[in-house]
Amino acid sequence: MPWQKTGFRLQFGHFVFIVCLILHARLAAIGWNQPLLDEHGFRQTQTAIAAEYALKDGFRLDYSTPVLGKPWSIPFEFPLYEWIVAAVSRVAHMPIDQAGRLVSLLCFYLAIIPAFFFLRHLIGDAERVLIVLSLLLASPAYIFWSRACMIESLALLLGMSFLAAAMAAIARRDWRFTAAASAFGMLAGLVKVTTFMVFCAPAGLALAHALLTDKSRDFRRRFLVYGGMSLLIFGPALAVTRWWTRYADAIRANNPLAGFLLAANLGRWAFGTLGQRFSVETLSTWARFGIAPMIGGWEMLLVIPLAILLTRPVVKKGAGLCLAGFLAGPLVFSNLYYIHAYYWYACGVFLVMLAGLYLVSLLDLRANKWIARSLIVPIPLAFFYASYASAYLPIQRSPDDRLKVLGEAVAVSTETGAVLLAYGFDWNPSLPYYADRRALMAREGDAYRMDPATKQPVDTQALAAALANLKDDPIQALAVEGPLKSDAVFIAAKTKQFGLAPIPIFDALDAAIYVTPAEDTAEAKARDAMILYRYGNLIDTPISVKAGGPVDAVKIGNTEAFVAPEPSEMVFDVAPGVVSVSGSFGFPRTAYAHDPKTVGGDFSIEYETGGARKELFEKYLNPATNRPDRGLQSFAIPIQSGTGGKLYLRTGNPQGNYTAGFTAWTGIQLHSTGQ
């Protein structure tokens, strides 16, 4: 019997749901215009680059993901999500990054509708369903991942629609719902089969329960009815998923570097081993990166045993279906759930529902109703939001956009149709996506191996074949990071092989970029320098930079800073009307955390106007011996600009000892009257 409704519960449930929905939208919008590098940027940009090339090449089943050379097509999921994102981008004139975020967020909100009907089937009372869904809206993982440019929320929408339709078909024995479940199942399997399999678990359990408990007909009749229903619900979805897997495999097999992506190899890797499923390390990783982000922390699980003792049988029945959905993912695809935190998005919804079912059951306790409602719902919600603020909010605000900066450096240093060869980046699409260039990304093991005798990389036959495929699309840029970046023999060989300039046009952020001599111009170097200044958070741009070593950009605390090793000098033009300059300076941690350590340095600011130069500021820092000198030091200095002049920011060492002298500046800004 459904729980009785009251006017207070109607108000309370709606109020909590609406507040949580508004908060979800507000929190999901934080960092909306940041690059897709906040978390699992590899997968987000893999999806984004496929959507980008759908706009360029058209909406094709053999869609391009140009990261492993020719053929550029190495399809994974059926590209429904990518097509929707491309269409939204085209119609709304919106960048792919933001179009992807928007589509994902809307899919999550739409998924709440079938989730409502699924929960309504379990517990009946609509207001309590809204409270459970409020927990889903407040879940840290579902705030963060629902805004990611990935197929997860579309797969969730289709999987939840499949499950809701299947539950309705079982309860009503209505073949229209069976057909709907079949249609949603086919789409869910095409978009992401691993997510679809998660929703198959509770649907299959519900069918088995109906087969065993339906007393309205004999067993033989029940077997025919529910067996036929199962065949219609699951059969077409499994068939179309198998067709897509075989089709995508045949396309990927044409690329000499894509062998590791074939279904046979991915399958073994995705499932993991039996021992892995029950190892302490695996269970610990699941708890920290899977369970905790879904419900705000594993401590929330402590509430469930108490609630189990106090719940009605209808809740316990629903809990069994939710538990089946939650466990199906990690138990079947153990390695995927061990490595990729976002995979929990598929099954975590059932963990949140499970916690929610037991939570709302506590509202029936024979205690003061006002106290129960004031504590039982708000406290878990506060716990959820606090967990989100500590785990995900900093990532949304300050993603690591290093690969975006490197991509921009490639873009400004090469022609639009250039092909990029990259070593050390695995096959991470972030670099070619933000470079807007097609790429051949050489993976260690598949593309090259290290010769044990010479300690030099040796091209595999697969890489040789991939390079041969590019005879009509010659390589015009080389990007290297990792150990190969400092391997002079390797760099000399590769730049000579592809006719590239031997000196990098961009050498910072732990990577080096080489281009053709025709592109290695002063103008291109200036554009690259501007990119690095911006990344180093120099709000105003210097007109010249001199340094005692390669300039770079690093994080000091949570702030990006521009590193100009001492002795260094940055010069800024000062216009008439400038009244002050502000910013910060200091040493990155690498200068003092390990040997050899810096012996300190002077930071000084001078202003020159009318041929006269005046020192405005000077401070000596030695973070190796003086703890207060660590981190960033801020300044704000008045300037009497007069008719204008030049501002000099200098670093140096009085003894001329520049060991580990990685001096840095950040946030440099000139302020005019009225600012």
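Analyst: In this predicted model, Asp-507 is partly exposed, since its relative accessible area is 35%. Its charge partner is Lys-485, and the closest N and O atoms of this salt bridge are 3.0 Å apart. Because Asp-507 belongs to strand 6 (residues 506-508) while Lys-485 sits in the loop between strand 5 (475-481) and helix 24 (488-497), the pair ties together parts that are 22 residues apart in sequence. Lys-485 is likewise partly exposed, with a relative accessible area of 26%. Elsewhere, salt bridges with shared partners join Glu-569, Glu-606, Glu-608, Arg-613 and Arg-650 into one network.

Of its 7 residues, 7 are buried, so strand 5 is largely enclosed by the rest of the structure. Strand 5 has two pairings to consider here. With strand 1 (residues 419-423) it pairs in the parallel sense over 5 bridges; in this pairing, Ile-475 of strand 5 stands opposite Val-419. With strand 7 (residues 511-515) the sense is antiparallel, again over 5 bridges, and Val-480 has Ala-512 of strand 7 as its bridge partner. In a regular strand, side chains alternate between the two faces of the sheet.

Side chains of opposite charge can pair when their charged atoms come close. The whole structure contains 25 salt bridges. One of them joins Glu-152 to Lys-192, with the closest N and O atoms 2.8 Å apart. Glu-152 lies in helix 7 (residues 152-172) and Lys-192 in the loop between helix 8 (175-191) and helix 9 (193-213), so this pair ties together parts that are 40 residues apart in sequence.

Asp-214 counts as buried because its relative accessibility is 9%, under the 20% limit, whereas Arg-173, at 37%, counts as partly exposed.

The surface also has a nonpolar feature. Phe-271, Leu-274, Phe-278, Leu-323, Leu-327, Leu-331 and Val-332 form a nonpolar patch with about 640 Å² of accessible area together. Helix 15 (residues 313-332) gives the most to this patch, with 4 residues. Leu-323 is found in helix 15 and is partly exposed, at a relative accessible area of 39%.

Finally, a word on confidence. The protein chain has a mean pLDDT of 90, and 94% of its residues reach 70 or more. Among its elements, the highest mean pLDDT, 98, belongs to helix 3 (residues 80-92), and the lowest, 60, to helix 14 (residues 303-308). Over residues 1-9 the pLDDT is below 50, and this stretch has 21 contacts in the model beyond near neighbours in sequence.

Notes: Residues numbered from 1 in each chain as written. Predicted model: local features only at pLDDT ≥ 70, side-chain atom pairs only at ≥ 80, totals over all residues. Heavy atoms only, no water. pLDDT = per-residue confidence, 0-100. Contact = heavy atoms within 4.5 Å. Patch = residues over 30% accessible without salt bridge, like charges linked within 9 Å, V, L, I, M, F, W, Y side chains within 5 Å. Areas by Shrake-Rupley, 256 points an atom, 1.4 Å probe, with all protein chains shown as cover. Salt bridge = Lys/Arg side-chain N within 4 Å of Asp/Glu carboxyl O. Buried < 20%, exposed > 50% of the residue type's maximum accessible area, 1.4 Å probe, protein only. Pairing = 2+ DSSP bridges.
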